[in-house]
Amino acid sequence: MSEAPKPVRIVLLYGGQSAEHEVSRISAASVLKAIDTSRYDVVPVAITPDGRWLRSDATLELMADATRPLPESLDASGTDLAPLASIAPAHPDQQVVVLPILHGPRGEDGTVQGLLELADVAYVGAGVLGSALNMDKATAKVVARAAGIPVCRWISARDSELDDAFVARVGSELGWPVFVKPSNMGSSVGVTKADDPAGLRAALAEAVKYDEWVVVEEAVVGARELEVGVMGNEEPRASVVGEIIPTHEFYDYEDKYVDGTSQMVIPADVPGEVAAEMRALAVRVYRALRCDGLSRVDFFYEADGRGLLFNEINTMPGFTKYSMFPSLWDASGLPYAELIDELVRLALARHQHRASHRRLR
Ligand SMILES: Nc1ncnc2c1ncn2[C@@H]1O[C@H](COP(=O)(O)OP(=O)(O)O)[C@@H](O)[C@H]1O
Ligand SMILES: [Mg+2]
């Protein structure tokens, strides 16, 4: 007897070429485990670290264990994108949604989203502009500030402009210490705190390994790191507020993924009016920075100074069962499995809504 036809196919894209390949695999395994397979026909498509797309039916255990290579199924396609053919529905009434659980460059930055636009398929999360804008810290700050969102002081520059005059300008305009970052990156990769001109030169050399644009920011002193989940398209709503308490000097790559000793506090221990202000600011910046579907919006909280300062948006936040974004929604009354239902619903609604604005001839 054949199974009943399923109304929705979810193409779960995971892995990817960024530093967050591993966390993507753990997130994908969490999603696969929680998803209601009586309603969804789930097709996992892996992207290997060297960029090959594989339609692989990896077991959960293998999917989450990035020390082992992904298995290539018989229809593995080499370097082309043939597994994208799995976006074809299994039957004429089936709807298809791509869930790109991919973080960082070539996943969260609009590139994969562009491919999905060309394929005219519904997908979860921000579109091309929202993805690219939020991936680029320098441009995201310009747009946030124009929308009246408080941000810290910063200077951005290209790799060709990082001369002695630039170092002097940082000293006079921002003072010390500063944080130096590649503009397009994530997971704290290439992020360094610099205390003086020599430290700045070294930090700039590190940041330009990852991107041709760099951002130098004043260090927000004594900043608490608060994060909120936002979900929706036309009418986004915010979750409760959470706090990250890093165990290292700042929330660096090791602290995020290696030691795992940093702490998440949900809800954050902040005054009610601060949480309310942050949720309202998060929804504003989400709209200004063209998010759709979901995002995690991160702030610094300078308790004795300027209050809330917007840091960044992650358009595809970590999605393991224990990650901040799903935990924030769980604490807001939306458990993990229902979170996935809601994201699928939002993806289909957005696709349909956009199709109603005719842009092509
Ligand atoms: N201007 C700043 N002041 C104080 N701490 C900062 C600043 N910028 C970054 N940090 C620290 O570095 C971490 C990573 O920086 P972030 O901008 O969030 O980059 P990523 O996209 O890699 O997460 C933050 O979580 C925070 O701990
Ligand atoms: Mg961050």
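An oxygen atom of ligand 1 is 3.1 Å from an N or O atom in the side chain of Asn 311. Another polar contact (a pair of N or O atoms within 3.5 Å) involves Glu 225, whose side chain has an N or O atom 2.4 Å from an oxygen atom of ligand 1. The protein covers 95% of the 540 Å² of accessible area that ligand 1 has on its own, as found by the Shrake-Rupley method with a 1.4 Å probe.

In all, 17 residues surround ligand 1, each with a heavy atom within 4 Å of it. By class, this shell has six nonpolar, four polar and seven charged residues.

## About the model

This is a predicted model, in which local features need pLDDT of at least 70 and side-chain atom pairs count only at pLDDT 80 or more. Residues are numbered from 1 along each chain as its sequence is written.

## The sheet

Now for an open sheet of four strands: their order is E6-E9-E7-E8, with antiparallel pairing. Strands here are DSSP runs of at least two residues, and helices are runs of at least four; two strands pair if DSSP finds at least two bridges between them. The edge strands, E6 (154-158) and E8 (192-194), each pair on one side only.

Strand E7 (residues 178-182) pairs with E8 over three bridges. Where does Phe 179 find its bridge partner in E8? The partner is Lys 193.

## Helices across the sheet

Helix H5 (residues 137-146) lies across E6, E7 and strand E9 (213-218). Helix H6 (residues 164-173) also lies across E6, E7 and E9. Contact here means heavy atoms within 4.5 Å.

Conventions
Chains lettered and ligands numbered in written order. Heavy atoms only, no water. Axes fitted to C-alpha atoms, helices over the stretch in contact; angles between N-to-C directions. Polar contact = N/O pair within 3.5 Å; in protein donor to acceptor, adjacent residues only side chain to side chain. Nonpolar A, V, L, I, M, F, W, Y, C, P; charged D, E, K, R; others polar.
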